[in-house]
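Biologist: I would like to learn how to read a model like this one. Can you take me through it feature by feature?

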Amino acid sequence: MTILGDLGAASFLPWIRRHADRLGLAQTVSHADDERIELELDGPEELIDMMEVGCLLGPIDVWVETIGREPLAVQTS
Amino acid sequence: MTAQTTLQQAMPHQAPPHQAPPHQAMIDEWYPVGLVSQLDRSGRHTALMGEPIVVSGDDAGNPLVTGGNGRILPVKVRYGHVWSSLGTPTKDIFSIPEADQPGRRFVDVGVVRVRCSPLRAVENFLDIAHFPFVHTDVLGAEPHTEVQNYTAEIRADVDEVWATQVKFYQPQASKSASGGITTEYMYRVPAPTCSVLYKTCPPRPSEWDVITLFVQPLAEDLCDVWPWMALFDDETSMTDLIHFQQMIFLQDRSILENQIPRLLPLDPGMEIPTRADLTSIAYRRWLKRHDYTYGAQLVAR
C-alpha cells in the first residue's frame, strides 16, 4: 500500500501500526518520508480494505491525498 | 441536561489576541434558522453555534435575524427557509437547481431537535447501512443488508462531497411507492451541515426526487434538523408526505442521541470504518480539509 499526501506528522506511523494491529494485519513499513509511506500488509483482503479506508482519513494532523495498492508477489511451493 | 444548559455551556470561547477565533471557517457559513412560512413579529428565539439569536419577520414578511448583543446578522431566504450566519459568508448559499423545476412539490417538513453534533446528523443521513436496522420494512429490510459498491469522492471543481451509484433494496422507498424496489441514491454535501439526497422517483423514472437535510447547529452537541423536499408526487397529501419524513427522522433521532462519542470523530482511531462507510469518510476528509470542526472530535479517545 502506498500512501501519498502531507504525512509529516510524527503521529502517523504509530497510528498506522495501532490500526493494523486492531485489524490483526501483519505490517511492515518499507519506506516513510513526509510525502510517501510504503506499507506491506499481510491478511484477508477485506481487512486490508478496512485499513485503506481508515488510513484515508488518518489522524487529524495528517492529510492523505491518495492511497494506491498492488499485490506483492506470492511465494508458492 | 436541558437544552438551555447545553446552549449556555457551548457559548463560543474568546480567542486569544492575534489568533483566529476557533471554528472561524464554520462561523462564516450559512445555516438554516427557521421556516419562512412561520416568520412572525414576535420571532423565534433560538441559537446558532452557541449564540442566542432571534429570527423574526416584519409586516411585509421580510426576515430579520439578530444576534445575542442585538447585532443584525446576514440573512437570506432560500428553499422555504431563512438562512443566517454569525460571520461574513464569502459564498452564496449552495444551488439546488431542482428547486426551480416546474411540477415539483416543495415540502417544508418542519423541525426535529436532536441532542447530537450537527455533523453527526449529516453523517447519519449519508449512511445507508443502517436502513434495514433502524427504518425496518420502510427504507430497508433484512436479509437485504448488503451495501453494494458505490463511488464517493470530493469533487474539486465544485468543492462538494458526492456519492453516486448507491443502490439499495427498499420495501417502501417513499410515501408514493407501492411496493419494494431497488432504489438508486446520489448524496451531495455542499455545506458542512447540509446534505442533498437525490433518489429514484417512482412516478417519474427519468427524474430524481430531492430530499435535503438542513441542520442548524445550536451547540456542538445539539442541533435542529430541517428536512425539505422537492418531489414529483401529485397524489400524496402534504400531511402524509410530512408525516412520512418526520417518522424517518424520529427513528434516526433515537440512534443519534445515543451515539458515543457525541461529537463526530475526525480521527477514526477508535473505529473500524469499512467500504460501506466511504461516504462518511469522504465527508470527514472534506470537513478536515476545510477546518470545519465545530461539532467534531479531533483526536480519537
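Modeller: We will go from the interface to salt bridges, cysteines and backbone. Keep in mind that this is a predicted model.

Biologist: Start with the interface. How many residues of chain B are in contact with chain A?

Modeller: 18 residues of chain B contact 19 residues of chain A.

Biologist: And how is the size of an interface given?

Modeller: The size is often given as the accessible area lost when the parts come together. Here the area buried between chain B and chain A is about 1,800 Å². Carbon and sulfur atoms give 67% of that area.

Biologist: What polar links cross the interface of chain B and chain A?

Modeller: Seven residue pairs are in polar contact across it, both partners at pLDDT 80 or more. On the side of chain B that touches chain A, the residues divide into nine nonpolar, two polar and seven charged. The rule also finds three salt bridges across this interface.

Biologist: Show me one residue there. Is A:His19 buried or exposed?

Modeller: A:His19 is buried, because its relative accessible area is 0% and the cut-off for buried is under 20%. A:His19 sits in helix H1 of chain A, residues 12–23. Leave out residues up to four places away in sequence, and A:His19 touches A:Met50, A:Met51 and A:Gly54 from chain A, plus B:Pro268, B:Glu271 and B:Ile272 from chain B.

Biologist: Now salt bridges. What is the general idea?

Modeller: Side chains of opposite charge can pair when their charged atoms come close. The count comes to 18 salt bridges over all chains. Take A:Glu65 and B:Arg289, whose closest N and O atoms are 3.8 Å apart. A:Glu65 lies in strand S4 of chain A (residues 63–68) and B:Arg289 in helix H6 of chain B, so this pair joins two chains. A:Glu65 counts as partly exposed, at 42% relative accessibility.

Biologist: Where do B:Asp224 and B:Arg44 lie?

Modeller: First the bridge: the side chains of B:Asp224 and B:Arg44 meet at 2.6 Å, N to O. B:Asp224 is in strand S14 (residues 222–231) and B:Arg44 in strand S2 of chain B, so parts that are 180 residues apart in sequence are tied together. B:Asp224 is buried, with a relative accessible area of 2%. B:Arg44 is partly exposed, at 24%.

Biologist: Which residues do salt bridges that share partners join into one network?

Modeller: A:Asp49, A:Glu52, A:Arg69 and B:Arg275. One link is the bridge between B:Arg275 and A:Asp49, with closest N and O atoms 3.5 Å apart.

Biologist: On to cysteines. How many disulfides are there over all chains?

Modeller: Zero, by a search of the whole structure. For B:Cys194, the nearest cysteine sulfur is that of B:Cys223, 11 Å away. For B:Cys223, the nearest is that of B:Cys116, 4.0 Å away.

Biologist: Last, the backbone. What should I look for?

Modeller: Look at omega and phi. A cis peptide bond joins B:Ile260 and B:Pro261, with omega about -5°. B:Pro261 is in the loop between helix H5 (238–256) and strand S15 (264–265) of chain B.

Biologist: And which phi value does B:Met49 have?

Modeller: Phi of B:Met49 is near 50°, positive in a residue other than glycine. B:Met49 lies in the loop between strand S2 (44–48) and strand S3 (51–57) of chain B. B:Met49 is buried, with a relative accessible area of 3%. B:Asp291 has a positive phi as well, of about 60°. B:Asp291 is in the loop between helix H6 (278–290) and strand S16 (296–297) of chain B, and counts as partly exposed at 47% relative accessibility.

Methods:
Residues are numbered from 1 along each chain as its sequence is written. Chains are lettered from A and ligands numbered from 1 in the order in which they are written. This is a predicted model: local features need pLDDT of at least 70, side-chain atom pairs count only at pLDDT 80 or more; totals for chains, interfaces and linings use all residues. Side-chain values use heavy atoms; hydrogens and water are left out. Helices (H or I, at least four residues) and strands (E, at least two) are DSSP runs, numbered from the N terminus. Buried means under 20% relative accessible area, exposed over 50%, partly exposed in between (1.4 Å probe, protein chains only). Contact means heavy atoms within 4.5 Å. Buried area is the accessible area (1.4 Å probe) that two parts lose on being put together, summed over both. A salt bridge is a side-chain nitrogen of Lys or Arg within 4 Å of a carboxyl oxygen of Asp or Glu. A polar contact is a pair of N or O atoms within 3.5 Å; within protein, one must be able to donate a hydrogen and the other to accept it, and residues adjacent in sequence count only if both atoms are side-chain atoms. Ala, Val, Leu, Ile, Met, Phe, Trp, Tyr, Cys and Pro count as nonpolar, Asp, Glu, Lys and Arg as charged, and the others, Gly among them, as polar. A disulfide is a pair of cysteine sulfur atoms within 2.5 Å.
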